[in-house]
Amino acid sequence: MKAKDLVKGCRQLAGKLLTVLNKILPKRKDTILFVGNDGLTDNNRAFYTYLTENGYGKKYRIQCTVKNHESYGYLQKDGVEFLSLKAGVFAYFRAGTVFYCNGTYPIKPSKNQTVVNLWHGTPLKKICKLAPNVAHYDYDYFTYVLAASPMFVPIMAKCFGVPERKVLCCGHARNDILFQKSEDALKKLGLAGDYDKLLLWMPTFRNSFNDYIHDGGCVTQTGLPVFETKAQMEEFDRWLREHRMLLAVKLHPMQKLSDISEFSYQNIRLLTNKDIETRKMQLYELVAHADALVTDYSSIYFDYLLLNRPIGFTCDDMEAYGGNRGFVVDNPLELMPGMKIQNYPEFVAFAEKVFAGDDGFREERERVNNLVNADQDGRSCAHLVSLLGL
């Protein structure tokens, strides 16, 4: 037996034993637990913030079992307890309600427990059970998983290998931040400066940092789509300065950083999750400030549609990406309401349109937004509270 098969077998056995314990032990209906294998981030962080800022810490005992739990003192509130991931196992056994979005314990919920997988976005690319290399994993460790619209209820059910009755239709908690523009967000990130428009570029990853996933495409000097050479990056940096624009490149948390060339430009800034987390911020505080978005197949653009601002799609490797990872719909272009960017000159052309205020996709964005976002009023957290009867 190979070593990795032995490790897999041990994990499966441990998960079964933990599940048996979880079903036996009584639950406390007044206890809410957030589980974050990579920290209190994304939808977990947004929903936690909503609960603690709206008095739920007085009604419930709120616990957070997260990686590096000692570093979250700045989020500490009355009635809240931060625990290590080891101690969190025992908290899980007693919690009446559990939330997670980026990984949890391999424990199945008991009948007296509600476990909600908040997930981390509406997928265009295939994920979980539909994705190559990771389809063999068990993802069903929840009572409910969320879908942002009725259209995505059957899609999320297939992605996680569960019946549609386990999918709740509710917007992402993090989307509420888009409607709460923080005036000092850019200053905190070191992005405040002498420019008129902010262009945010959020490419999805091609090669994961742990080497589990290789989705093809994007073989360039820069490690980014479209920009084949560093000389093009330097040229675009000059263009940005001349047009008083800033380009912030926010990398996907799974991106293998060694694939990305070093950045040393005036009006092009590179950001990682660590840059945002060390400033104790949430990503969507930055997204709310973007005058336009560039992405490819990342779920970010479904959320950004709520703001109805210009979106450009780099799809130079769409055929290769579709052949490797694939998409959850037959024709993804029907859900991509914006300029399609195949090369560097077209990237510049999109930036020129943003500079000039030339936006020809407003109605198309509204059409897609109505398909993919049922909650459009910045009250996704309140909606989830109502659905769960908290």
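Select Gln 282 first. Leaving aside neighbours within four places in sequence, Gln 282 is in contact with Asp 42, Arg 45, Ala 46, Thr 49, Ile 177 and Ile 276. Contact here means heavy atoms within 4.5 Å. Gln 282 sits in the loop between α8 (273-277) and α9 (283-287). Helices are DSSP runs of H or I with at least four residues, strands are runs of E with at least two, and both are numbered from the N terminus. Gln 282 is buried, at a relative accessible area of 14%. Buried means under 20% relative accessible area, exposed means over 50%, and partly exposed is in between, using a 1.4 Å probe and protein chains only.

Before moving on, note that this is a predicted model, in which local features need pLDDT of at least 70, side-chain atom pairs count only at pLDDT 80 or more, and totals for chains, interfaces and linings use all residues. Residues are numbered from 1 along each chain as its sequence is written, and side-chain values use heavy atoms, with hydrogens and water left out.

**The second largest pocket**

Now colour helix α2 (residues 42-53). Helix α2 supplies seven residues, the largest share of the lining. By type, the lining has eight nonpolar, seven polar and five charged residues. Nonpolar covers Ala, Val, Leu, Ile, Met, Phe, Trp, Tyr, Cys and Pro; charged covers Asp, Glu, Lys and Arg; the others, Gly among them, are polar.

**The cores**

Next, select Phe 34, Phe 47, Phe 160 and Tyr 301. In the largest nonpolar core, of 101 residues, these touch the most other members. Helix α5 (residues 153-160) gives the most to this core, six residues. A nonpolar core is a set of buried Ala, Val, Leu, Ile, Met, Phe, Trp, Tyr and Cys residues joined through side-chain atoms within 4.5 Å. There is also a second, separate core of 26 residues; Phe 263, Val 294, Ala 351 and Val 354 are among them.

Zoom in on Phe 47. Beyond its neighbours within four places in sequence, the contacts of Phe 47 are Phe 34, Phe 99, Leu 118, Ala 173, Cys 381, Leu 384, Val 385 and Leu 390.

**Helix α5**

Which residues of α5 are buried? They are Val 153, Ile 155, Met 156, Ala 157, Cys 159 and Phe 160. That is six of eight, so α5 is mostly covered. Bring back β5 (114-117), β6 (144-147) and β7 (167-169): they are included in what covers the buried residues of α5. Then step to Gly 161, which follows α5 and has a positive phi near 65°.

Most residues other than glycine have a negative phi. Go to Asn 68, where phi is positive at about 55°. Asn 68 lies in the loop between β2 (61-66) and β3 (80-83). Its relative accessible area is 48%, so Asn 68 is partly exposed.

Jump to Arg 244. Its phi is also positive, near 55°. The loop here runs between α7 (230-242) and β9 (245-250). Arg 244 counts as partly exposed at 32% relative accessibility.

**Two buried loop residues**

Select Pro 337, in the loop between α11 (318-324) and β13 (339-341). Is Pro 337 buried or exposed? Pro 337 is buried, because its relative accessibility is 1%. Leaving aside neighbours within four places in sequence, its contacts include Tyr 301, Leu 305, Phe 361 and Val 368.

Finish at Thr 272, in the loop between β10 (268-271) and α8. Thr 272 is buried, with a relative accessible area of 18%.

**Zoom out**

Show the whole chain. The chain has 14 helices and 13 strands. Of its 390 residues, 54% count as buried.
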